[in-house]
Amino acid sequence: MNKKILSVMSLILSFGIFTGCTIGGGGGEDDESTPIIESVEKDVMLDLTPTVPDGYLQLSVGDSNGYKTEGYGCQVDTHIFKTAYNNFYGEEEMNEWLARVDDMELQSIRTQIFPEWYERGNDNGSPNVFKKTSENVDFNSIEMQQLYRLLDICEERNIKVDLSFYGCNRNFVSQDGLIKGSWLANSYQNNWITAPKLEDENGNPYPGYEEFAEAVYAALDHLLNVKKYTCLYVFSIFPEPNGSFPDKNGYCDDNEYFKLCKIVKEKLVAKNLWGKVTMAGPGDCANDLERYKNYVNNLKDVCETNTSSVYKFNDESTNAEMYEYAYNNVQACKAVGCTWGVCESGSNRFIDPANQSDIDTYNRAIFLARTVINYTNAGCTNIKYWVLNDVNYGGYIMRLGLWKEIGEEFNAVARPQFYTWSLITKYTEFGSDIYPVQSSDPDVCMVAYRLPNGAWSYLIANSGKSTKRISITSLHSSAQKVMNVYSVSGTTLPNNNRTVTASTTAQMQGGILNITLRSNSFTVISNK
Amino acid sequence: MKKILSLVTVFALLFGLTLSVFRPVNTVRADEYTVECSDEENLAINKHNWFFPTLNSAQFTVDETSGMKFDNFIKDQQCVTYFRGGNFSEFKLSLLVNANLNIPEKGAQWKYSEAYITFLIDRAPEDALAEDGKPWYANKVYGSFCFGLTSGGLPISRFMYYNAFASNCQTSGQFYQPSGYTDVNVVDGKDHWIEIEIKNYNNDGVTGKKWIAYIDGVKVAEFDRDDDYYYDSDTAREYEVKYSELSGGIGIYTNSDWPGGYAPSRMNNFLEVKKAKLISYDDNPEGEVVGQCAAPVFKITANEYQVAPSYDAGDPVEIQLSDLFVYEGTDEVTYEVTCNGEPIGEIINGFWAWIPTTEGSYDIDFTATVSEDNLAKNYLTIRVNGSVEPESSTNTESNAESVAEGCGGSIATTFFPIALLAGVVLIIKRRNNE
């Protein structure tokens with residue numbers, strides 16, 4: 001938008017505000033990304049009595065629930081760089097990949113790492129002294145170089161990273177062809193990752209937990225103190241421990257998992273690394289409340305934030321169901337002084353591990369937006385979607401991405417869910433205050449955020465079959481602004497592989513903003 | 001996700017790595033043997049006989065002239081299919097194959113390229129997927145016959161057995177070769193008939209199943225599986241297995257450790273199955289040829305759909321057409337939406353979109369057509385409250401701007417495409433019975 005037009009628009013806008021009218025200034029080629037608020041504005045509660053028109057659903061933005069967001073993002077693994085998996089990203093494809101990441105303003109990722117990537121054999125016989133010069137230690141392995149490449153991308157973009165130590169990779173084959181198998185995995189054969197071994201080849205006791213803890217320390221020390229990455233904000237170990245922590249007999253013993261977590265903490269405390277990066281866990285996928293309480297209670301002195309893998313719902317799930325599930329988890333975590341987040345998520349419509357039947361549907365796109373709204377209303381502070389894009393995970397194509405595979409057949413086409421998820425990542429921000437919003441209409445849900453710069457963003461979903469007229473009421477002085485409206489509905493879904501741009505503007509004025517939501521739609525209103 | 005992934009993430013190496021010691025090898029000439037297999041009997045030239053894989057980039061194709069082809073299977077990416085025609089207890093499967101299998105000279109750890117016929121797969125036909133043809137996918141496979149080039153590029157022609165009774169086909173698969181048999185090389189540029197025959201036996205009261213494999217009519221492997229108790233070391237328990245009572249599906253997969261990065265043409269590593277004939281002995285001791293599978297027919301049907309109680313004039317009505325109909329096929333579906341026989345609204349992104357402007361009750365007819373004899377209708381009555389003047393709109397695309405007008409309010413809404421609106425104005429007719 002050129003300066004001349006901007007000047008005219010500014011004039012009209014000023015006049016409009018002065019006279020109490022809403023003048024839309026949305027659209028155009030770049031105005032949707034123009035921050036309207038550039039410095040943090042003091043927020044006070046106004047003495048107003050908004051009048052909600054007849055037939056409008058009031059959605060009131062009251063007080064914050066006291067939680068701040070800790071990122072909305074996706075799983076991104078270094079597989080994208082593994083040509084051995086037939087993932088060929090040429091320069092042009094990588095640029096497009098980065099352009100999408102930039103466009104959606106991805107806030108956070110989780111990425112996997114294994115001790116075998118850098119400690120390819122045991123460094124020495126002692127878990128107390130890490131021998132970095134050991135011939136078994138290689139922080140320049142191909143696997144680590146690929147990790148650095150991903151972390152460099154995150155560092156440049158201030159994308160927060162959950163470095164997830166998935167476990168002992170029994171099936172590890174190094175990309176240089178020199179290493180096969182894991183020195184640290186136990187003898188259980190029916191899972192690709194196992195808990196650390198607790199006995200050696202001769203059946204003698206083996207300090208596997210201590211060795212694993214040492215490996216975690218070694219990686220964090222290298223990444224934080226040598227490579228100087230600041231994008232690492234969380235690390236986790238053995239996510240989904242109810243399935244990823246099999247002992248030699250295949251049994252996942254939660255008490256053993258707790259023991260390992262505590263040993264890892266002790267190691268990091270002893271090495272002065274504790275507190276440099278937050279430990280998250282357990283990322284369980286059992287989705288059983290009682291078992292979850294057992295996790296958080298036993299990890300209360302270890303994990304500083306709690307997480308879950310959630311594949312529990314689908315587009316037919318109600319807002320109330322999703323809220324209740326999240327609320328119970330949040331309360332369980334709150335009881336031990338932790339926040340709750342979702343370290344990976346999707347729907348429960350699995351065909352197989354890499355495919356879900358609703359993956360290409362518009363309903364899924366709306367469903368994912370509803371999960372964010374309902375979980376956040378319940379106090380959830382961070383959510384990552386599994387997975388950013390379709391990619392070969394070695395033996396199978398992971399087809400749960402926000403966009404499809406590169407290449408001629410699928411051409412990296414964005415799925416409907418890209419357009420809703422990217423609105424969430426783009427118009428919220430890490431560290432935003434969460435303002436839950438209650439709705440008396442079961443089809444409509446909304447959550448509000450006050451961003452660190454004082455701007456406001458509202459996420460609103462209407463899963464009903466008819467349009468809904470809503471009145472967003474807010475007495476917050478800083479919310480009385482002209483805002484951009486970004487809307488996704490079935491008939492307006494773009495196909496340009498870029499985030500949705502503003503369709504119009506709306507103004508919170510006199511404590512009220514009225515707007516119409518299309519049926520089965522997702523709307524973001526923001527002055528970010 | 002990791003837990004779920006672990007169900008399928010296993011190393012094909014476990015199945016590809018077998019014997020690296022030198023073994024004597026037989027070569028059988030293909031032109032000395034043939035199996036009568038008419039086009040009507042040839043299961044290899046009908047795509048409806050086979051499930052197609054979905055999980056990776058290996059390529060499985062079925063050509064109605066040349067038959068089945070397994071291509072671009074590389075390390076960790078097997079090419080697999082599964083016969084749709086049912087489960088079998090006693091049968092003989094004859095395949096005419098061109099095993100154009102190649103091993104990489106560089107970059108591969110073990111250098112193998114193999115094909116497997118899997119059988120006695122304990123999966124209900126209606127639940128089966130192509131991937132069920134791989135033992136470790138669902139752990140339902142009791143046996144396989146392996147041919148091609150195993151570790152080190154050595155020929156192989158052996159049976160392999162799995163502990164599917166313990167839901168464990170990952171590490172318990174074992175090659176079996178009794179004395180007196182040697183591995184046969186079928187990777188010689190010639191077509192070969194590869195046959196497996198699975199039949200029950202009763203030897204003085206000892207019952208079970210005998211597996212026999214032939215290459216070009218010569219017996220190359222056999223294996224007896226008695227009805228007995230079998231121990232599975234992973235689950236650490238014993239299972240009673242009555243092989244003679246087992247019945248299951250049939251799959252084929254190919255497996256190599258070519259590293260990624262090579263074009264299929266460069267690898268020149270593929271398996272062609274030009275003919276496939278299956279004889280079942282389940283209902284007739286003399287055997288009956290198993291016929292072709294019919295093309296699956298997916299009828300489109302109307303789906304019960306509850307509209308909103310009413311809509312306000314001027315508000316967009318958007319209904320996802322896939323919500324109105326149920327169709328599991330892959331053929332294109334076309335839709336027609338009418339009111340009193342006249343087209344109404346517009347179809348955008350699979351949604352029917354309409355902006356009513358006049359109060360009333362509208363009976364909308366939706367017709368979804370797959371083909372002339374496969375269509376369905378759905379009928380919705382949409383009640384519209386109030387009336388509005390048709391508005392002009394500046395919004396023609398989802399991301400275009402629109403400008404709310406007027407004073408005294410703070411409403412800014414989005415608008416439907418002007419073309420849609422214009423169309424609506426032209427075609428809407430209120431029904432007489434509203």
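**Buried residues and their surroundings**

Guide: In this predicted model, Ser144(B) is buried, as its relative accessible area is 0%.

Visitor: Which element holds Ser144(B)?
Guide: Ser144(B) lies in strand E8 of chain B, which spans residues 141-150.

Visitor: And which side chain makes a polar contact with that of Ser144(B)?
Guide: The partner is Tyr162(B), and the side chains are joined by a polar contact of 2.7 Å.

Visitor: What else does Ser144(B) touch?
Guide: Leaving out residues up to four places away in sequence, Ser144(B) touches Tyr116(B), Ile117(B), Thr118(B) and Phe119(B), and also Arg158(B), Phe159(B), Met160(B) and Tyr162(B).

Visitor: Moving on, where is Asn168(B)?
Guide: Asn168(B) sits in the loop of chain B between strand E9 (154-161) and strand E10 (174-176).

Visitor: Is Asn168(B) buried or exposed?
Guide: Asn168(B) counts as buried because its relative accessibility is 0%, and the cut-off for buried is under 20%.

Visitor: What is Asn168(B) in contact with?
Guide: Beyond its neighbours within four places in sequence, Asn168(B) contacts Asn190(A) from chain A. In chain B, Asn168(B) is in contact with Asn139(B), Tyr162(B), Asn163(B), Asp232(B) and Asp234(B).

Visitor: Turning to chain A, which residues of helix H7 are buried?
Guide: In helix H7 of chain A, residues 289-298, the buried residues are Tyr292(A), Tyr295(A) and Val296(A). They lie on the same side of H7(A), because they cover an arc of only 90 degrees around the axis.

Visitor: What covers the buried residues of H7(A)?
Guide: The cover includes helices H5 (241-244), H6 (254-270) and H8 (319-334) of chain A. It also includes strands E8 (278-284), E9 (305-310) and E10 (340-345) of chain A.

Visitor: Is Cys303(A) buried or exposed?
Guide: Cys303(A) is buried, with a relative accessible area of 2%. Cys146(B) also counts as buried, at 0% relative accessibility.

Visitor: Lastly, how many helices and strands does chain B have?
Guide: Chain B has 5 helices and 29 strands. Of its 434 residues, 52% count as buried.

Visitor: What about the accessible surface of chain B?
Guide: The accessible surface of chain B is about 18700 Å², and 46% of this belongs to carbon and sulfur atoms.

Definitions and conventions:
Residues are numbered from 1 along each chain as its sequence is written. Chains are lettered from A and ligands numbered from 1 in the order in which they are written. This is a predicted model: local features need pLDDT of at least 70, side-chain atom pairs count only at pLDDT 80 or more; totals for chains, interfaces and linings use all residues. Side-chain values use heavy atoms; hydrogens and water are left out. Helices (H or I, at least four residues) and strands (E, at least two) are DSSP runs, numbered from the N terminus. Buried means under 20% relative accessible area, exposed over 50%, partly exposed in between (1.4 Å probe, protein chains only). Contact means heavy atoms within 4.5 Å. The arc is that of the directions from the helix axis to the C-beta atoms. A polar contact is a pair of N or O atoms within 3.5 Å; within protein, one must be able to donate a hydrogen and the other to accept it, and residues adjacent in sequence count only if both atoms are side-chain atoms. Accessible areas come from the Shrake-Rupley method with a 1.4 Å probe; for residues, only the protein chains shown count as cover.
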